[in-house]
Amino acid sequence: MNPFFNPLLSISFLKNYILDPGRTKRLTPSQIERYRDRSLRRILSYAYTVPVYRKKYRQIGLHIQEITEIKDIKKLPFISKQDLRNGFPDEIVPEKSNKKKFYIVSTGGTTGRPISIYTDLPTMLRGITITLREMKYFKLNLRKTKIAHIGNFSRYRIDHVFQEKLMKHLKPFYSMKNTLNIDVNQPIKTIMHMLNNFKPDLIISYPAVFQHLAFLKRKGYGKNVNPKLLQVGGAILDEYTRSYVEDTFRCRLLNIYSSVEAGANIAFECPEGNWHIHHDFFHVEAVDKNMEPVTPGERGHIVITRLWGRGTPIIRYTGMDDWVTLSDNKKCSCGLQTPLFETPVEGRKRATIVLPNGKIFPPGAFCFISSVLHDLKTYKIKQYQIIQKRIDEIEILLVIDEDLRDKPPSFEEISNAIEKVYRTKVGPDVKIIIKEVKEIKGDPNSDKPPQIVVSHVKPEDGYKFI
Ligand SMILES: [Zn+2]
């Protein structure tokens, strides 16, 4: 049965469909705060029916009635990836709930062992309204815009669950001709071919996928692939990849920040380069290594609270492992007034670079190649990767575009310039090896394309230097 024929469900979807996208524009800041307070109270009383949360709250003698506003949220204990993993399957949804109405979604293996949580149809639909808001913001017509999503469609991955469970129910309401889901695990030329036939207006994927598509486009593939906007998530986007791709497709490549646990985009980047947080859907905090909140403007580890949805609640969840800097009431000139991330989300804690001189770089802050190549005015490097092999050894892999091989600057010139900039950052005690490779392979334990910065140094080793 199509669940939309359940009138209650379709009314609530329609209500959200109408109200959600414009909320941040329609309401005054204090109205939004009240809306957030109400959403928190609602989600907390739901969480109290979920054993993994109730046990934690009881343990510290917390009565959820004490939490009436968002600013009280600091009284709530954190929930970790391990908590959710231990609670799977029975303790992470309300007791005695009928699991048939839930779907399992799992995270990828890039940040340690995957975890599985539950979602349901209304929650997935609510997540869509966030995308609708973004499309509206970018002035993309919802009925006409053709969206291609190059993602991970293995079983239980959220993209797959979305496609299987949700899209088929949307058919009566939304033209399937306008969306194309492409599995990332196939040859890039096949992907380009599919895009060429589909002619997308919006493409959503990972940085490395765009990098490869741009490379093919430069070689004359994908004549009909002329999107209006590209959105990228799931990994750090460095400035070189961004300018390479934007220059190729002649449109913007902007970040979205989402996760399986969040079930939707938490934030998106506007053309001004600011990351707007969907703060009526999520409450975002940043904490230091002692789990104490950091002040706005300081870098911390992200903690998220999903202020909506059913299935497994996500309240003060620490499992996302990214570094963020929350801004202090900074206003964006694009006109959208929401809280912002002050700097781009800086990627997985696990890929953090820690050096013998005590310096620490989140992966997003360790890409100095972009500026070197920009200064040399070259697109000769097709792809690159920075690997910290040991605390005192860094290897930089470069893939050269064969068609530009004989054009200046020379490989030596490029590699000398790269070495020079890294030397100033890492100090004299770190060995820097720069070499040319034919290709850069992804992590065999992950199904995502290769990361730009990889570290084999354990974060624990790193913390010794903080
Ligand atoms: Zn903006």
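## The four-stranded sheet

An open sheet is built from four strands in the order β18-β17-β16-β19, with mixed pairing. Here strands are DSSP runs of E with at least two residues, helices are DSSP runs of H or I with at least four residues, and both are numbered from the N terminus. Two strands pair if DSSP finds at least two bridges between them. The edges of this sheet are β18 (431–436) and β19 (453–455), each of which pairs on one side only. Ignoring direction, neighbouring strands of the sheet are turned by 15° against each other on average. For such angles, axes are lines fitted to C-alpha atoms, for helices over the stretch in contact, and the angles run from 0 to 180 degrees between N-to-C directions.

Strand β16 (residues 381–390) and β19 run parallel and are joined by three bridges. Within this pair, Ile386 has Val453 in β19 as its bridge partner. Helix α12 (residues 411–426) packs on the sheet and touches β16, β17 (393–400) and β18, and its direction makes about 155° with that of β18. Two residues are in contact if their C-beta atoms, placed from the backbone, lie within 7 Å.

## Basis of the model

This is a predicted model, in which local features need pLDDT of at least 70, side-chain atom pairs count only at pLDDT 80 or more, and totals for chains, interfaces and linings use all residues. Residues are numbered from 1 along each chain as its sequence is written.

The term pLDDT denotes the predictor's confidence in each residue, from 0 to 100. The mean pLDDT of the protein is 87, and 90% of its residues reach 70 or more. Confidence is highest in helix α4 (residues 51–59), at a mean of 97, and lowest in helix α13 (residues 459–463), at 52. Where pLDDT is low, the predicted coordinates should not be read in detail.

## The protein as a whole

The protein contains 13 helices and 19 strands. Its radius of gyration, taken over C-alpha atoms, is 23 Å. The globule rule (2.2 Å times the number of residues to the power 0.38) also gives 23 Å for 466 residues, so the protein is as compact as a globular protein of that length. The C-alpha trace spans about 65 × 55 × 40 Å along its principal axes.

Of the 466 residues, 40% count as buried. A residue is buried if 20 or more other C-beta atoms lie within 10 Å of its own, exposed if 12 or fewer, and partly exposed in between, with C-beta atoms placed from the backbone. Among contacts between residues at least 6 apart in sequence, 66% join residues at least 24 apart.

## Tyr422 in helix α12

Tyr422 lies in helix α12. This residue counts as buried because it has 20 C-beta neighbours inside 10 Å. When neighbours within four places in sequence are left aside, Tyr422 is in contact with Phe368, Ile394 and Ile432. Tyr422 and His212 are 210 residues apart in sequence, and their C-alpha atoms are 25 Å apart in space.

## The eight-stranded sheet

A second open sheet has eight strands in the order β4-β3-β5-β6-β7-β8-β9-β13, again with mixed pairing. Its edge strands are β4 (179–183) and β13 (340–341), each pairing on one side only. Strand β9 (residues 275–277) and β13 run antiparallel and are joined by two bridges. Trp275 stands opposite Phe341 in β13.

Strand β5 pairs in the parallel sense with β3 over three bridges and with β6 over four bridges. Ile204 of β5 stands opposite His149, and the bridge partner of Ile204 in β6 is Gln231. In a regular strand the side chains alternate between the two faces of the sheet. In β5, Leu202 and Ile204 point one way, Ile203 and Ser205 point the other way, and all are buried.

## Helices α8 and α9

Helix α8 (residues 188–198) lies across β3 (147–151) and β4, running at about 175° to β4. Helix α9 lies across β3, β5 (202–205), β6 (229–232) and β7 (252–259), running at about 140° to β6.

The expected span of a helix is 1.5 Å times one less than its number of residues. For the twelve residues of α9 (residues 207–218) this gives 16 Å, which agrees with the 16 Å between its end C-alpha atoms. Ten of the twelve residues of α9 are buried, including Phe210, His212 and Phe215. After α9 comes Gly220, whose phi is positive, near 100°.
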